[in-house]
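Trainee: I would like to learn how to read this structure. Please take me through it one feature at a time.

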Amino acid sequence: MSLERGGPRHPPPGRDAGLAGERTRLAWRRTVLAVGVVAVLAARLALSNGTVGALVTALAGLGWLGVLLVTFPRIAGRRLRPGPALPVTALVTAGFAVLGLLLVLASVH
């Protein structure tokens with residue numbers, strides 16, 4: 001037991017620091033699942049648009065694959081320094097928003 005100035009340090013009441021890693025892994029799993037669902041829905045909507053739809057489907061699949069690859073170490077529970085997982089996920093999410101807008105505009109005409 002290490003005694004520092006002010007006595008031993010304990011986590012605040014009601015907080016279990018031992019579960020933080022599990023919560024983080026589960027959050028990244030939900031993120032990958034949500035991105036996968038959006039990719040499938042975008043592909044379903046896009047496939048009725050011919051060649052452009054096939055391109056959108058490929059981009060959606062690549063976006064999901066990219067998120068999966070950069071988040072896999074976090075899902076596996078490896079402790080890593082901050083990496084590309086959050087920026088890549090944000091970029092793919094913004095890309096899905098643009099693809100969705102383009103699909104909606106294409107289906108209006």
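Trainee: In which helix is the place of Val37?

Mentor: Helices (H or I, at least four residues) and strands (E, at least two) are DSSP runs, numbered from the N terminus. Val37 has its place in helix H1. Note that this is a predicted model, where local features need pLDDT of at least 70, side-chain atom pairs count only at pLDDT 80 or more, and totals for chains, interfaces and linings use all residues. Residues are numbered from 1 along each chain as its sequence is written, and side-chain values use heavy atoms, with hydrogens and water left out.

Trainee: Is Val37 buried, partly exposed or exposed?

Mentor: Buried means under 20% relative accessible area, exposed means over 50%, and partly exposed is in between (1.4 Å probe, protein chains only). Val37 is partly exposed because its relative accessible area is 42%. By contrast, the buried residues of H1 include Trp28, Val32, Val35 and Gly36.

Trainee: What does H1 span, from its first C-alpha to its last?

Mentor: The expected span of a helix is 1.5 Å times one less than its number of residues. H1 has 27 residues and reaches 39 Å, close to the 39 Å expected.

Trainee: How many helices and strands are there in the protein?

Mentor: The protein has three helices and zero strands, in the order α-α-α from the N terminus on.

Trainee: Which residues touch the most other members of the largest nonpolar core?

Mentor: A nonpolar core is a set of buried Ala, Val, Leu, Ile, Met, Phe, Trp, Tyr and Cys residues joined through side-chain atoms within 4.5 Å. The largest one has 15 residues, and those touching the most other members are Val35, Val56, Ala60, Val67, Val92, Phe96 and Leu103. Two or more residues come from each of helix H1 (20-46), H2 and helix H3 (85-108). H1 gives the most, with six residues.

Trainee: What does Val92 touch, not counting residues up to four places away in sequence?

Mentor: Contact means heavy atoms within 4.5 Å. On that basis Val92 touches Val35, Gly63 and Val67.

Trainee: Which residues make the nonpolar surface patch of about 580 Å²?

Mentor: Patches are made of residues with over 30% relative accessible area and no salt bridge, and nonpolar side chains (Val, Leu, Ile, Met, Phe, Trp, Tyr) are joined within 5 Å, like charges within 9 Å. A salt bridge is a side-chain nitrogen of Lys or Arg within 4 Å of a carboxyl oxygen of Asp or Glu. Areas come from the Shrake-Rupley method with a 1.4 Å probe; for residues, only the protein chains shown count as cover. Here the patch is made by Leu55, Leu59, Leu62, Trp64, Leu65 and Leu69. Leu55 lies in helix H2 (residues 50-75) and counts as exposed, at 53% relative accessibility.
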